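Subject: Structure handover

Hello,

Please find the structure below. My notes on it follow, for you to read alongside the coordinates.

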Amino acid sequence: MKRRILMGAAVGLCLLASASSVPLWAQWTGEIGAGYVWQNSTGNEDSFITQYGQHKGFVLDDFTLAYAPKQGQEVFSVKAWGFGGAEPAQHGSLFFRPGGGWTFNLGYDKQTDFYALASGDEANRRSRWDIERWRGSVVYDGWSAARLTLNLRYYKKEGYVDRGIFGQNNVFPTRNTYDQDMKEASIKIETKTLPVYLSFEQAFSRYERQDRWSPNGSQALFGTSNSSLAGLSTPRKDRTNIPSSRFIASYHNDWVDVAGSLFYSKSSMDSNGTRLTVYDVAPNAGQFRWLGDTTGAGKQDNKAANVDAAFHIGAGWSVRVAGDYRDTTQDSNLFGNYLLQLGVPGRDLVLNTPVNDNGFFDVKDTTSRIEIEKQGMGWAVFAGYQGGSRDISWSRETGDPGENVKRTGNGWYVGGSWSRTPLLRVNAEYEHGTFSSYVFRTDPDLVERFTFKVSSRLGAGWTVGARARWEWAENPASQALAKRQAQSFGAFANWANSAGNAGFGLAADTFTYDSHTNIFLPGGQPDMSVYGVDMYTLTANTFFTAGKVRLDGDLTKVRDRGQSFPLETWGADLRATIDGPKGTQFVLFGQYHSYAEDFSSLNNYYVRRYGVILRWRF
Amino acid sequence: MARGRLFITVTTVGVALAALALGLRAEDAKGGGLVGAQTCATCHEDTVKAFQAGEHGTAMAARSSDMLNKACEGCHGPGAAHAKDPSKSNINRIPKQDACIACHPKAEALMALNLPAHPRNGVVCLDCHTPGHTQAPAKPLLAEAPAVLCAKCHGDIAAAFKLPFAHRQGDKPFDCTACHTVHGENRTGRLREWKDGACLECHLDKGGPFIYPHPPRNVNGCLQCHTPHGSTNPKMLTRSRVADLCLECHMGVPSFHNISNPKFRACQTCHIAIHGSNHDPNLKDD
């Protein structure tokens, strides 16, 4: 259906272009590249697809068709890539500018997500879903003072996830079939010639979810159970309507930049329908039938405002001030009945538990910042102070004491940079922050961060650089005694010849992360959550052209030696592009991916991909 | 401290309004000594022709022929002196930042405001954009694909996309601009949409509002549990074991959750609606 819409739109726009006064067949340009990819693997191919989403099959590498009159702007273009089955993402777009200030855009993309691992915490889960996103816009730019834009979006998500549900003190296999969509229309008007830029956008969005659960086997996933899953159905629907408004104003001149925005949205969610779960207890003992027959609603108001201003005082001095306000209030309720029917139909015991829950969830954040900066000839130093407050209160159900936390926080930062010449660019920054009260026990009440970067264009085609980042965060024993340290270092060197047809690059990055948090195991026994990453990433790439052949190569190694989830991956890509006659190109490529975990080999894979693409430019 | 914040807020709003009022009266001074593109073309014929036929030139021509005629001097400054005495010293060979902002005064001009780290580290428009004398490899007049440009400075983020679990589009690079607005547009976090909007572009069902929300998601958003660019952990979680992630916040979990038993090792096996539920306060039904 969607493809028919896309094709129809393409044909329509082509006809429109034909009917316009534009002289056709004069300045058409484009290219098409398509081919086939072979893929073979040893090990767990599902694990590879989980990570890369790629398969064997046809692939549309690139398609472009564009028309522009001589000495004129592009009037019409069609672009597409990814279609064919080998790649997890597809994209298509149409652009048409018939004149008179009108512009039409139509975009389509599709992303496929797959998940199936053989070990780990979600080894029982398997999912595959697609999201298709359609975007259309009509822009009228024919007025001298303002531009008008109509945007339309339609997203559709379909697929399934196989996973367990809890019941009868066990977990039973089920399939949740996704049926979700989003529709949105918005209109925006923005000024073009006023000294102050103003933009107002009004949007209306609707999200709908009609996921359907069903049994995917009757036996419990863990151990044995006296029950078996005999039925599961969820004929229910969630619908959320969200009108939203956004206003932006900004102004710029030699001595001041100022911008402010206001945002308001009002979400209204309704949830209706039933859920029936049926378990066979034992031969001839009848069934447990759980029926949830509820109606729920949630309303959420979002208000946000911010204003930023920068003043260029003179002599290189600038002062920046900023204020940000966000206020979200939510009220929700759920009422209805939970029915439990025990025994054989007709001779069963029915237990009815009415539910009437009311909850709320309010979050109000404010932040403000003032910063002073001195810029000289290619250098800058700056320092700033920021303060903030957070006011949170929630109660998720009737009787839930919930939380009510008000806290303030503040921090400061200093930094400097040198970028007088491309020969040396350096910058360093230190940040420090803290706050007064906790919302979650893992919130770090002290954060310190230091970053440093240096790069240099040495000349003769060489660019080198290095960077470092240290981060500390902690909170006291009265909370969770959380201690987190992260360090990241990197260095790179690139070279390219003056003609730009040969070069190489090398990069090395390290990342270590060490986290300790006091926890309590189920039952109350104290313990510690320890998470450690000790990783390096090495990449090398090269390209060079010899006659009609261009070679591109890329090699990546990732090694995590940390205690939590050590693993090693390799990736390589070698691509030869050969210019043929009359605008044709042949592309041959080979790819290699490997993945190996230290603790288990169930998800390991070694994948080789080979492909050929024929391209024609016209 | 509250007074301090109030002071900063009031000062910010007051000064911003004053600046707006003053700015409305500001005049745009024009320089003299313009000679027009025809004169430039007498020596720089190929460059002028290529510019006028290119994306930047044709966009100017669509606005007005006068704008195209002044295009060279709009960026390189008035050329009368240079035309009379051609010399590198009496022309702006490398246009100043203001040259771009003169015609692009909206969100693009506010980069110094929204992304101060870019200008203070010497990043200027022409570090990412081409002026239009040659065909740009990517739109809008970009010197390279967005992911390549960003990686030049943000190497640690580029490295994160090499990790086993990352946002990918197959062989096509994942565009940074899919989530980030490079020029800021005055929204916190530099993301395209408000709060978690960038994530909801694909994960439609995670937005809520939910009748029984999971508080960390409502308060801190997706990044409370997920790393956005790449991770060694499945589902791009911040911990390799789900139970650790949950137990760091949840105390008082009933003792029947024996985590030595596989059934209880992954909390979301039963608590399936971890992002929020419309039916169950314990998040065991979505």
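In E19(A), A:Glu429 is the bridge partner of A:Gly415. Strands here (E, at least two residues) and helices (H or I, at least four) are DSSP runs, numbered from the N terminus. This is a predicted model, in which local features need pLDDT of at least 70 and side-chain atom pairs count only at pLDDT 80 or more, while totals for chains, interfaces and linings use all residues. Residues are numbered from 1 along each chain as its sequence is written, and chains are lettered from A and ligands numbered from 1 in the order in which they are written.

To stay with that part of chain A: E18(A) (residues 403–421) and E19(A) (residues 424–435) run antiparallel and are joined by 11 bridges. Two strands count as paired if DSSP finds at least two bridges between them. The link from E18(A) to E19(A) is a hairpin through 2 residues. E18(A) also runs antiparallel to strand E17 of chain A (residues 379–395), with 16 bridges. In that pairing, A:Arg390 stands opposite A:Arg407.

Chain A overall

The secondary structure of chain A comes to 2 helices and 28 strands. Its C-alpha atoms fill a box of roughly 85 × 60 × 60 Å along the principal axes. Chain A has 618 residues, of which 27% are buried. A residue is buried if 20 or more other C-beta atoms lie within 10 Å of its own, exposed if 12 or fewer, and partly exposed in between, with C-beta atoms placed from the backbone. Among the chain A contacts between residues at least 6 apart in sequence, 58% join residues at least 24 apart; two residues are in contact if their C-beta atoms, placed from the backbone, lie within 7 Å.

The mean pLDDT of chain A (the predictor's confidence in each residue, from 0 to 100) is 91, and 96% of its residues reach 70 or more. Over residues 13–25 of chain A the pLDDT is below 50, and this stretch has 18 contacts in the model beyond near neighbours in sequence.

Strands E3 to E5 of chain A

Strand E3 of chain A (residues 76–81) pairs with E4(A) (residues 89–99) in the antiparallel sense over 6 bridges, and A:Phe76 stands opposite A:Phe96 in E4(A). E4(A) pairs in turn with E5(A) (residues 102–116), antiparallel over 9 bridges. These two strands form a hairpin with 2 residues between them, and A:Gly100 in the turn has a positive phi of about 70 degrees.

A:Asn105 lies in E5(A) and is the bridge partner of A:Phe95. Leaving aside neighbours within four places in sequence, A:Asn105 is in contact with A:Phe95, A:Gly136 and A:Ser137. With 16 other C-beta atoms within 10 Å, A:Asn105 is partly exposed.

Cores and helix H2 of chain A

A nonpolar core is a set of buried Ala, Val, Leu, Ile, Met, Phe, Trp, Tyr and Cys residues joined through C-beta atoms within 7 Å. The largest has 13 residues, of which A:Val59, A:Leu60, A:Ala80 and A:Leu94 touch the most other members. Strand E2 (57–67), E3 and E4 of chain A each give two or more residues to this core, and the largest share, 4 residues, comes from E3(A). A second, separate core of 12 residues includes A:Tyr197, A:Val258, A:Ala309 and A:Val321.

Helix H2 of chain A (residues 45–52) has 6 of its 8 residues buried, so it is largely enclosed by the rest of the structure. Those residues are A:Ser47, A:Phe48, A:Ile49, A:Thr50, A:Gln51 and A:Tyr52. They pack against strands E1 (28–43), E5, E27 (584–597) and E28 (605–617) of chain A together with strand E1 (165–166) of chain B. Just after H2(A), A:Gly53 takes a positive phi of about 70 degrees.

The secondary structure of chain B comes to 17 helices and 4 strands, and 33% of its 286 residues are buried. In helix H3 of chain B (residues 45–53), the buried residues are B:Val48, B:Phe51 and B:Gln52. They pack against helices H2 (37–43), H4 (55–63), H5 (65–69) and H6 (71–76) of chain B.

The contact between the chains takes 125 residues from chain A and 92 residues from chain B.

Regards
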